[in-house]
Structures are given as structure tokens and as C-alpha cells.
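Take a first look at the model below. Then read on for a guided walk through its parts.

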Amino acid sequence: ELDGRVRVLGKRNWRIKCEAATWQKEGYDVKEKPKLAPCVEISNLWEYDPKLPMSWFFQMQEVIRQHAAEHIQSPFVKVEPSTGVATIWCRGAQDAMKFAQMMHKSYFMGRKIVAALCRKEKPVSENALKLPTGDLTMHVPAGMEAKWTP
């Protein structure tokens, strides 16, 4: 019945071309879709100076995280040194809106900053605890028996 002809639908007589569905090798996998979390993007923090060591930017990241922790619960902060932008991930959208409203047009190191709401994928922490993988058994391989000698 779906032979590529034009069909008319509904009261408005919309015309559509009917074709049979075709298999598209790979389907859409929901689990691979990046999980977006509410966050606040703060810009105009500093002008990039290549003479500054990276430790200075990490200290600024920690200062921003501590300030955010005073107002929202468990913030995650990442700074982009070359652009002067910091992104603060929040637990929920309400926390993000509250923090963005508070930070917008405030001053940081004498500069008026701009805060914007966004949704971004939260970066994976490099130093996260990694659990060992594999099968846990009480079996001792041959030749590895413990020998006790008094």
C-alpha cells in the first residue's frame, strides 16, 4: 500500500509522500546520548596572560568553587584559562538559576562578570576513584599456596 504516492491527510489536506521504512544499520542508542546537567557559565573573569603558571588558574578555580559552595550544594567547577570562562555545574536547575542571578553583573578581581545559564555535559573527573574489575574468588592459583615455617 505504501507505494511512493502522495496521500492527503486530515481536514487541512496536507500532502505527504508515503514510503516504506528502511533499516538504517545503526539505531539510536539512548545510553550513548550525553547527559546534560544544569550549569552557570561565568565569563569576563580575566584576560589570558601566558606568563601566569597553570597553578594560578587552578587556585582561581578553587576560589570560585569555595564561593559557589557557600550558596549552592556540591558545585563542580572547571575554568578555561585562555578564554577567562568558568563553568559551574549544579545539582538542579533551581540552584543554577539562583547562582546565576546572584553572580550576574557582580565583580570579580575588579571586573564586571557575566553569568549565563546553560546545559553541558559534566566532565569526568580524572582523579575519580576507580574500582578494580574482574572476578573476585577465594580460589588460590596452583603453586601460590601460603607456606608457614616456624
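The paragraphs below go from confidence to the sheet, then to the helices and the aromatic rings.

This is a predicted model, in which local features need pLDDT of at least 70 and side-chain atom pairs count only at pLDDT 80 or more, while totals for chains, interfaces and linings use all residues. Residues are numbered from 1 along each chain as its sequence is written, and side-chain values use heavy atoms, with hydrogens and water left out.

Start with confidence. pLDDT is the predictor's confidence in each residue, on a scale from 0 to 100. The protein has a mean pLDDT of 81, and 65% of its residues reach 70 or more. Confidence is lowest in strand E1 (residues 6–9), with a mean of 65. It is highest in E5, at 95. Where pLDDT is low, the predicted coordinates should not be read in detail.

Next comes the sheet. Helices (H or I, at least four residues) and strands (E, at least two) are DSSP runs, numbered from the N terminus. Two strands pair if DSSP finds at least two bridges between them. Four strands form an open sheet in the order E4-E5-E3-E8, with antiparallel pairing. Strand E4 (76–80) and strand E8 (114–121) are the edge strands, each pairing on one side only. On average, neighbouring strands of this sheet are turned by 25° against each other, direction ignored. Such angles run from 0 to 180 degrees between N-to-C directions, and axes are lines fitted to C-alpha atoms, for helices over the stretch in contact.

Now go strand by strand. Five bridges join E4 to E5, and the two run antiparallel. Val79 stands opposite Ala86 in E5. E4 and E5 form a hairpin with four residues between them. In its turn, Gly84 has a positive phi of about 70°. E3 and E5 pair in the antiparallel sense over four bridges. Here Cys39 stands opposite Trp89 in E5. Strand E3 (residues 36–43) also pairs with E8, again in the antiparallel sense, over eight bridges. In E8, Cys118 is the bridge partner of Cys39.

How many residues of E5 are buried? Five of the five are, so E5 is largely enclosed by the rest of the structure. Buried means under 20% relative accessible area, exposed over 50%, and partly exposed in between (1.4 Å probe, protein chains only). Both faces of E5 are covered, with Val85, Thr87 and Trp89 buried on one side and Ala86 and Ile88 on the other.

Helix H2 (residues 93–103) lies across E3, E5 and E8 and runs at about 5° to E3.

Last, look at the aromatic rings. Rings of Phe, Tyr and Trp (its six-membered ring) pair if their centres lie within 6.5 Å; planes under 30 degrees apart count as stacked, over 60 as edge-to-face and the rest as tilted. The count comes to five aromatic pairs. Trp46 and Trp56 form an edge-to-face pair, 5.7 Å centre to centre with 75° between the planes. Trp46 lies in the loop between E3 and H1 and Trp56 in helix H1, so the pair ties together parts that are 10 residues apart in sequence. The rings of Tyr48 and Phe57 have centres 6.1 Å apart and planes at 25°, so this pair is stacked. Tyr48 is partly exposed, at 42% relative accessible area, whereas Phe57 is buried, at 1%. Ring pairs link Trp46, Tyr48, Trp56 and Phe57 into a cluster.

Conventions
Contact = heavy atoms within 4.5 Å.
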